[in-house]
Amino acid sequence: MSSTDQLIIFDNVSKFYGEILGVNRVNVQIAPGITSLVGPNGAGKSTLMNLMTGLLRPTRGSITLLGIPTDEPERLFRKVGYCTQFDSFPRGVTGREFITSFLLVHGFDRKQANDLAQLAIERVNLVEAADRKVAGYSKGMRQRIRLAQSIAHQPAVLILDEPLNGLDPMVRSETIALFRKLASDGLHLIISSHILHEVDMMSDRVVLLNNGYIVAEGNIHGVRDEMEEHPMQILIRCDQPAKLAAFVFAQNHVVEARLHDDRRGLFVKTRDADRFYLLLNRAVVEGVNIESVAPVDDDLSAVYQYLIGTTGGSA
Amino acid sequence: MSSAVEIAQATPEQNRARWGLWLRQVGAIFRLEIEKNFLSRRSILIYLIALSPVIPLLLFAPFTPPGKEWQDFNNYSVVYATIYNVLFLRTLIFFGSAWIFMNLFRGEMVDRSLHYYFLSAVRREVLVVSKYISGLVTSIILFTTTTVVAMLLLYFPHVYSQSVRYFTEGRGLAQLLTYAGVTMLACVGYGAFFLVVGLFVRNPIIPAILLYGWEWLNFLLPPLLKKVSVIHYLNSLVPVPLSEGPFAVVGDPTPAYIAIPSMLVVTIIVLILAAYRIRHMEIRYGSD
């Protein structure tokens with residue numbers, strides 16, 4: 001199997017809706033694991049997902065998932081499951097019928113379809129409600145049954161558009177655990193979300209989108225490291241913050257040092273975090289007792305704020 | 001490598017497996033669609049359309065109208081031919097097919113549920129064929145039943161003994177079967193047209209009305225243009241031809257051995273067009 005058979009590849013993909021830009025010049029390769037698409041409303045997250053699954057066709061460029069072009073649904077959806085944001089269902093079906101009927105459309109026989117549907121229903125903890133009409137489900141249950149439908153045929157790539165919307169905190173954490181389990185089984189999970197701390201918690205890498213362009217992609221800490229125009233902010237808890245401040249301020253890569261309000265810590269902004277950590281070793285030798293060192297803005301929220309200019313969503 | 005090339009290079013076993021898969025998928029989609037066609041809220045209108053000629057005929061059954069023409073058995077075939085042409089072919093089957101076949105895709109776009117099919121491992125061509133077959137079976141069951149029941153209701157309550165002889169010994173049964181066949185062919189032709197209209201046009205009512213006008217004005221068209229319509233071929237096949245009035249441009253009916261294959265060939269071409277369209281279709285419910 002070649003390496004491209006394990007990747008999702010966007011090759012110079014653009015999508016325009018008439019005059020309106022959906023996404024532009026997207027070049028990205030996505031490896032197995034959890035990848036989150038992050039960006040404000042209208043950034044192009046759903047467009048990217050719909051392009052990936054052939055619901056939209058690129059105006060320019062090409063997309064392959066595990067080596068399969070997106071205009072071959074008969075091959076593509078043996079390997080791909082997509083839980084869209086469309087909160088609609090065929091009329092009059094129960095949760096179980098909903099899943100089973102589309103497994104039959106996939107081509108599974110009745111017994112296989114029943115078994116796979118049961119498994120999927122169990123995975124999303126919806127066993128008790130499975131034989132009730134979907135029309136009577138809560139928003140969270142509808143979200144879960146759509147998730148079950150997208151994983152029922154056991155795809156290798158799972159694409160989830162805002163999958164945590166409408167879920168209560170307990171189900172939310174169960175669902176994140178399920179995503180982690182699926183990713184550890186070797187699946188590709190592509191997730192879009194507004195809720196940055198959850199994305200931060202569960203993603204191996206992120207793709208940040210704004211106005212149809214990818215503004216950053218990769219491991220979140222790697223992305224943060226590359227943002228040289230925004231010095232990294234670090235909080236050092238220690239017994240002599242004033243002494244430490246005087247010590248570090250002499251370094252040209254340190255752009256700001258500010259005492260913590262409780263005067264038991266020091267905020268430092270540095271353009272070179274690695275050199276700064278080495279510097280701390282010397283501070284210890286000079287007699288400063290350091291209790292903890294933690295980056296303050298080495299997370300997705302900070303990256304999002306620096307790159308996109310807003311604070312993004314929160315839970 | 002495209003799947004078409006793969007199919008060309010596939011072994012006979014692989015081809016058999018593929019056809020087996022496609023047939024299973026057609027069956028699965030057909031079952032879902034048939035249920036929707038017969039049991040959804042949208043089907044209420046179809047039942048009303050299909051029952052609309054039966055109910056007045058049922059009410060009319062106990063009473064034979066006064067007048068010599070109702071005593072003459074030979075007139076019944078002309079009365080039915082008129083009802084069939086004006087009410088069935090030009091109105092009920094036309095609008096019934098429009099409703100059934102346009103909703104096969106357009107209805108799912110309105111309901112925002114078409115993407116579930118598009119996200120299944122099924123060729124979109126298989127989806128078109130399956131949906132078309134489901135629409136066809138639905139319309140044929142409803143309108144053929146109506147055609148047969150209406151004919152029997154017209155004859156038997158009023159001239160019972162002659163009707164028994166007519167349908168058992170005379171031309172009655174052959175005429176009944178011919179009308180049923182023409183109904184089926186109308187469902188085939190109009191169905192394909194409306195299926196493709198539902199795929200191409202956001203508001204299918206306008207092309208439906210345009211076609212309706214075209215079909216009605218068929219009697220005024222020159223012979224060559226008459227052939228660019230469904231009604232011309234259907235009228236060529238009905239067992240009791242009707243006069244089209246003093247202003248009609250007379251044209252020769254098309255023989256059955258040309259009319260039937262022509263309708264089927266055009267239907268296949270239209271379905272290929274529908275398959276091409278669905279193959280390139282995007283899901284953008286907001287703009288639909």
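Q: How many bridges join β1(A) to strand β2 of chain A, and do they run parallel or antiparallel?
A: Quick ground rules: this is a predicted model, where local features need pLDDT of at least 70 and side-chain atom pairs count only at pLDDT 80 or more, while totals for chains, interfaces and linings use all residues. Residues are numbered from 1 along each chain as its sequence is written, with chains lettered from A and ligands numbered from 1 in the order in which they are written. Strands here are DSSP runs of E with at least two residues, helices are H or I runs of at least four, both numbered from the N terminus, and two strands pair if DSSP finds at least two bridges between them. For β1(A) and β2 (residues 20-30) of chain A, the count is 7 bridges and the direction is antiparallel.

Q: In β4(A), what is the bridge partner of Ser14(A)?
A: Strand β1 (residues 8-17) of chain A is also joined by 5 bridges to strand β4 (residues 60-65) of chain A, and that pair runs antiparallel. Within β4(A), the partner of Ser14(A) is Arg60(A).

Q: Which are the edge strands of the open sheet of 6 strands in chain A?
A: The sheet has the order β6-β7-β8-β3-β9-β10 (chain A), with mixed pairing. An edge strand pairs on one side only, and here that goes for β6 (80-83) and β10 (213-218) of chain A.

Q: Which helix of chain A packs on the sheet, touching β3, β9 and β10?
A: Contact means that the C-beta atoms of two residues, placed from the backbone, lie within 7 Å. Axes are lines fitted to C-alpha atoms, for helices over the stretch in contact, and angles run from 0 to 180 degrees between N-to-C directions. The helix that touches β3 (33-38), β9 (205-210) and β10 of chain A makes about 25° with the direction of β9(A), and its name is α11 (residues 300-308).

Q: In β8(A), what is the bridge partner of Asp161(A)?
A: Strand β7 (residues 157-161) of chain A runs parallel to strand β8 (residues 188-192) of chain A, with 5 bridges joining them. Look in β8(A) for the partner of Asp161(A) and you find Ser192(A).

Q: What is the order of the open sheet of 4 strands in chain A?
A: Its pairing is antiparallel, and the edge strands are β12 (254-259) and β14 (290-295) of chain A. Helix α9 (residues 241-249) of chain A lies across β11, β12 and β13 (265-270), running at about 170° to β12(A). The order itself is β12-β13-β11-β14.

Q: How far apart do the C-alpha centres of domain 1 and domain 2 of chain A lie?
A: The bounds come from an automatic or database domain assignment, which gives domain 1 (3-222) and domain 2 (231-296) for chain A. Their C-alpha centres are apart by 43 Å.

Q: How many helices are there in chain B?
A: Along its principal axes, the C-alpha trace of chain B spans about 75 × 45 × 40 Å. Strands number 0 in chain B, and the helix count is 13.

Q: Which element gives the most to the side of chain B that touches chain A?
A: The contact takes 25 residues from chain B and 23 residues from chain A. Elements giving two or more residues to the chain B side are α2 (12-39) and α6 (114-118) of chain B. With 6 residues, the one that gives the most is α2(B).

Q: Why do α2(B) and α7(B) count as oblique to each other?
A: Angles under 35 degrees count as roughly parallel, over 145 as roughly antiparallel, 65 to 115 as roughly perpendicular and the rest as oblique. The axes of α2(B) and helix α7 (residues 124-155) of chain B come within 8 Å. They are therefore oblique, since they cross at roughly 45°.

Q: Are α5(B) and α9(B) roughly parallel or roughly antiparallel to each other?
A: Helix α5 (residues 73-111) and helix α9 (residues 172-200) of chain B have axes 7 Å apart and pack at an angle of about 30°. Among the residues that meet are Tyr84(B) in α5(B) and Tyr179(B) in α9(B). The two helices are therefore roughly parallel.
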